[in-house]
Amino acid sequence: MQIVKLIAETRSIISEYKAKGKRVGFVPTMGALHDGHLSLVEQSKKENDITVVSIFVNPTQFNNPNDLKTYPRILDKDLELLSKFQPDIVFIPEVEEVYPEPDTRVFDFGDLDKVMEGKNRPGHFNGVAQVVSKLFDYITPDNAYFGQKDYQQVAVIKQMTKDLKLDINIVSCPIIRELDGLAMSSRNMLLSEVERKNAVKISETLFKACNLVPDFGVSQLKEWVISEINNNAYLEVEYFEIVDDTSLKSIEKWEDSNNRIACITVQVGKVRLIDNISL
Ligand SMILES: Nc1ncnc2c1ncn2[C@@H]1O[C@H](COP(=O)(O)OP(=O)(O)OP(=O)(O)O)[C@@H](O)[C@H]1O
Ligand SMILES: CC(C)(CO)[C@@H](O)C(=O)[O-]
Ligand code: BAL
């Protein structure tokens, strides 16, 4: 496992591999790694000759300065965990090298970023596209791995890859959960003990919601989920949407889409958690 900090060095190592015909898989992360990230690394290792993991807390995707400040950074522990999985390259660039000057590019995702995370975190997906397009340019992967926990992010990245005419296959990987069902997230480590215990109500409610389709109508189910979660004193729903899994447009009745996904964001004390489930 090679740890590389400089962009030029990363480019040159990867171009040597590519010259030998090696297929490159890429797993972008913001660190504070858990089994969700490691599942992406494992999948990339199975499907490619070379796996690159990046660890970079990208400032341009944070709309909330306090969220950026408190985002967990535990590089030594991350490297220790990764050493057990042995990706070929761990790329850890500095903010100043990625952004020698402000990135003023504005991406157009059509309607994809007008809802849910895009609506509630203004500028978030533009920042994600800025950094991911830069990382794609340095690493030139054949396959890039993203988790479905960030469901809308996968849709946005697919759109960006298409618009920029990049020859990169975007691989969408299943959500890995804690034993009690809570979706793994780096932000889980910011929860207090009592918040962590109560946070399980989020996934529990989503699992129960699946069994209420189609007996409940769409708006009845939405109201039920929101009130179940908000009845817990530690939790506050920011949004709960049931959307078509490709257009991400809200549906009004079950027949509006054959492939529906329910996406939720919940504030747990100061920590904002997301999750989703296919209905
Ligand atoms: N539980 C999970 N299962 C599968 N993939 C995941 C999971 N959590 C994160 N990922 C994926 O790992 C990649 C890197 O995500 P990131 O570093 O932001 O971690 P995170 O746990 O999502 O952190 P956050 O606290 O910001 O939600 C993303 O593609 C993300 O979707
Ligand atoms: C894709 C990503 C690493 C870009 O900073 C980030 O949005 C994430 O961790 O999901
Ligand atoms: N996992 C998405 C990164 C973010 O919340 O900014």
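His37 is buried, with 26 other C-beta atoms within 10 Å; a residue counts as buried if 20 or more other C-beta atoms, placed from the backbone, lie within 10 Å of its own. UniProt, in an unreviewed entry, places the feature "active site" at His37, and such annotations may be inferred rather than shown by experiment. The residue lies in helix H2, residues 35-47. Helices here are DSSP runs of H or I of at least four residues, strands are runs of E of at least two, and both are numbered from the N terminus. Leaving aside its neighbours within four places in sequence, His37 is in contact with Val27 and Thr29, where contact means that the C-beta atoms, placed from the backbone, lie within 7 Å.

The model is a predicted one, in which local features need pLDDT of at least 70 and side-chain atom pairs count only at pLDDT 80 or more, while totals for chains, interfaces and linings use all residues. Residues are numbered from 1 along each chain as its sequence is written, and chains are lettered from A and ligands numbered from 1 in the order in which they are written.

Ala, Val, Leu, Ile, Met, Phe, Trp, Tyr, Cys and Pro count as nonpolar, Asp, Glu, Lys and Arg as charged, and the others, Gly among them, as polar.

Ligand 2 has around it Pro28, Thr29, Met30, Asn58, Gln61, Val128, Val131, Val132, Asp150 and Gln153. Thr29, listed here, is also one of the contacts of His37. Strand S2 (24-29) and helix H7 (124-139) each supply at least two residues of this shell, and H7 gives the most, with three. The shell divides into five nonpolar, four polar and one charged residues.

On the scale of the whole protein, the domain assignment gives domain 1 (2-173) and domain 2 (186-278); these bounds come from an automatic or database assignment. The C-alpha centres of the two domains lie 26 Å apart. Across the boundary, 14 residues of domain 1 are in contact with 15 residues of domain 2. On the domain 1 side, helix H6 (116-120) and helix H8 (151-163) give two or more residues, with H8 giving the most, three. That side is made up of eight nonpolar, four polar and two charged residues.

Helix H9 (residues 193-211) has Ala199, Ile202, Ser203, Thr205, Leu206 and Ala209 as its buried residues. They pack against helix H10 (218-230) and strands S7 (235-244), S8 (260-268) and S9 (271-278).

In total the protein has 10 helices and nine strands. Its radius of gyration is 19 Å, close to the 19 Å that the globule rule gives for 279 residues, so the protein is as compact as a globular protein of that length. The radius is taken over C-alpha atoms, and the rule is 2.2 Å times the number of residues to the power 0.38. Buried residues make up 34% of the 279 residues.

How values were computed
Contact = placed C-beta atoms within 7 Å. Near = placed C-beta within 6 Å. Buried ≥ 20, exposed ≤ 12 C-beta atoms within 10 Å, placed from the backbone.
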